[in-house]
Amino acid sequence: MNRKTIERERRSNMRDLFSRLFSLLPPQPARRSSIPDRLEQATEHINQLRSRLEGLEQRRSQLEEAHRATRTSLTSPVINISEYSNISGMEINLITGSELNLSLSQIIRIIGEEGAQVISLTLSKSGNMNILSIHCQQAAISYINGIDRSRLFQRLITLVQE
């Protein structure tokens with residue numbers, strides 16, 4: 001093989017590799033980006049995925065710990081609030097013993113009062129445990145001040161402990 005053929009093949013392989021990488025990224029606006037810009041986007045996307053994975057692993061370990069605790073005794077409520085900075089969203093997980101009756105309307109009201117909008121809500125009952133998972137995003141009105149997670153946490157704890 002001559003040098004030109006080898007060089008053409010190498011470029012073709014690189015184009016294929018870039019194409020495969022870029023196909024894994026979330027859709028971008030219609031404007032064309034340079035390869036270095038797209039590589040920077042790929043790096044950011046990988047870092048966001050890594051951050052989300054760490055949050056999910058932490059959540060899983062908390063859920064597993066709560067599950068082990070509920071097998072032996074009644075559990076005190078566990079609340080976890082995780083933020084996703086890249087999409088101005090958050091996830092609220094609440095684990096309680098089954099003896100506690102949750103007022104979903106009050107929980108949703110508190111979340112709304114704190115500046116978030118509920119996107120989805122899942123309630124699971126497993127044995128002697130309630131698991132509530134709420135996905136929220138920051139409401140348009142709260143973009144200026146943001147959401148005070150500690151205040152939201154305290155209000156939910158107070159509601160659950162009443």
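Predicted model: local features only at pLDDT ≥ 70, side-chain atom pairs only at ≥ 80, totals over all residues.
Modeller: Residues are numbered from 1 along each chain as its sequence is written, and side-chain values use heavy atoms, with hydrogens and water left out.

Biologist: Which pattern do the elements follow along the sequence?

Modeller: Read in that direction, the pattern is α-α-β-β-α-β-β-α.

Biologist: How many aromatic pairs does the structure hold?

Modeller: Rings of Phe, Tyr and Trp (its six-membered ring) pair if their centres lie within 6.5 Å, and planes under 30 degrees apart count as stacked, over 60 as edge-to-face and the rest as tilted. The structure holds one such pair: Phe 18 and Phe 22 are stacked, at 5.8 Å centre to centre and with 10° between the planes. Because they are four residues apart in helix α1 (residues 3–23), about one helical turn separates Phe 18 from Phe 22.

Biologist: Is Phe 22 buried or exposed?

Modeller: Buried means under 20% relative accessible area, exposed over 50%, and partly exposed in between (1.4 Å probe, protein chains only). Phe 22 has 16% relative accessibility and so counts as buried.

Biologist: Which residue lies over the face of Phe 22?

Modeller: A charge sits over a ring if NZ of Lys or CZ of Arg is within 6 Å of the ring centre and within 35 degrees of the ring normal. Here Arg 38 lies over the face of Phe 22, at 4.9 Å from the ring centre.

Biologist: Which residues line the largest cavity?

Modeller: On a 1 Å grid over the protein atoms alone, a cavity is a set of points where a 1.4 Å probe fits but cannot get out, and lining residues have an atom within 4 Å of a point. Grid points are joined across faces, edges and corners, and a volume is the space filled by probe spheres set on the points. About 30 Å³ of space lies in the largest cavity, which is lined by Arg 59, Gln 62, Leu 63, Val 78, Asn 80, Asn 93 and Ile 95.

Biologist: Which element supplies the largest share of that lining?

Modeller: Helix α2 does, with three residues, while α2 (35–72), β1 (78–84) and β2 (89–97) each supply at least two.

Key:
1 Å grid on protein atoms, 1.4 Å probe; cavity = no way out; pocket = protein on both sides within 12 Å on 5 of 7 lines; lining within 4 Å.
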